[in-house]
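My entries follow in the order I made them.

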Amino acid sequence: MILSIFINEKRGISVDIRTIFDPDNAVWSFLMKLYSLALAGLLWFICSLPIITLGPATIALFTYCFALLDGRESYLLRTFFSTFASSFKQGIVVTIIVLAATVFLAFDAWFFLNTIPFLFFAAVALYVLLLFPSLHIFALMSVQEKTIKEHCTRAFILSITHIATTITVLVVIVLWFLSIYALPATIIFSAGPACIVVSMFLRLLYKRIGAYVIN
């Protein structure tokens, strides 16, 4: 209970407010985790500002969220920045690949929209094939040590063979984007809470298929 209430015939009702700050209190524990996720979201936002570092920052955020879900002892700053540093090279390469492909296909879609409709739909279809694996790849990179080619291949296969989870993750991310559109300031800290929700679905899938291998 948040408050311990004692009834005394002479003194009436008294409240032991110290239990509010008991670390074993469920509500207090939830609030502390929510605070740590908001702080993790802030770190993600700051580290993603150069854009090309979006990948390492996302891998670091997934690593921390998975640690929380596993109940493993995890210190936010140490976990986040150690993962950010160790995944820096691979993360940037994957980020550049994803961004370059996105820009290329977006330009193609815009160019063919009013000229060759068939090619417009082809560009959109190719973008979907790019988008789906990108919903998995950074999460996979946080739990496995493989080459970039292996990560890309595994992410593509998982995104298609487990389409229900992929779409669920996409819906969560779209809702997150909508919340940012409604309240732009929330982008500063909302990535952490959004990532923990995505991590719940991905963790269940990866554990079931044996892809959840903590580095």
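I started with the contacts in this predicted model. Among contacts with a separation of 6 or more, I found that 66% join residues 24 or more positions apart. I then listed the secondary structure and got eight helices and two strands. Read from the N terminus, the order is β-β-α-α-α-α-α-α-α-α. The chain has 215 residues, and 38% of them count as buried.

Which of them gives the most? I found that α5 does, with nine residues. I also sorted the lining of the largest pocket by residue class: 28 are nonpolar, six are polar and none is charged.

Then the core. The largest nonpolar core holds 42 residues, and those with the most contacts inside it are Trp44, Leu61, Phe62, Phe80, Phe138, Leu202 and Tyr206. Each of α1, α2, α3 (76–86), α4, α5, α6, α7 and α8 supplies at least two residues of this core. I picked phenylalanine 62 and listed its contacts, leaving aside neighbours within four places in sequence. They are Phe138, Ala139, Ser142, Cys195, Val198, Ser199 and Leu202.

I checked α4 for its length. Its 26 residues reach 37 Å from the first C-alpha to the last, close to the 38 Å expected at 1.5 Å a residue. The buried residues I noted in α4 are Gly91, Ile92, Val94, Thr95, Val98, Leu105, Asp108, Ala109 and Phe112. Against what do the buried residues of α4 pack? I found α2, α5 and α6 (148–161).

Last, proline 133, which lies in helix α5 (residues 117–143). Is proline 133 buried or exposed? Its relative accessible area is 11%, and the cut-off for buried is under 20%, so proline 133 counts as buried. With neighbours within four places in sequence left aside, I listed Val128, Ala155, Phe156 and Ser159 as the residues in contact with proline 133. I also took one distance: the C-alpha atoms of proline 133 and cysteine 152 are separated by 7.2 Å, with the two residues 19 apart along the chain.

Definitions and conventions
Residues are numbered from 1 along each chain as its sequence is written. This is a predicted model: local features need pLDDT of at least 70, side-chain atom pairs count only at pLDDT 80 or more; totals for chains, interfaces and linings use all residues. Side-chain values use heavy atoms; hydrogens and water are left out. Helices (H or I, at least four residues) and strands (E, at least two) are DSSP runs, numbered from the N terminus. Buried means under 20% relative accessible area, exposed over 50%, partly exposed in between (1.4 Å probe, protein chains only). Contact means heavy atoms within 4.5 Å. Ala, Val, Leu, Ile, Met, Phe, Trp, Tyr, Cys and Pro count as nonpolar, Asp, Glu, Lys and Arg as charged, and the others, Gly among them, as polar. The expected span of a helix is 1.5 Å times one less than its number of residues. A nonpolar core is a set of buried Ala, Val, Leu, Ile, Met, Phe, Trp, Tyr and Cys residues joined through side-chain atoms within 4.5 Å.
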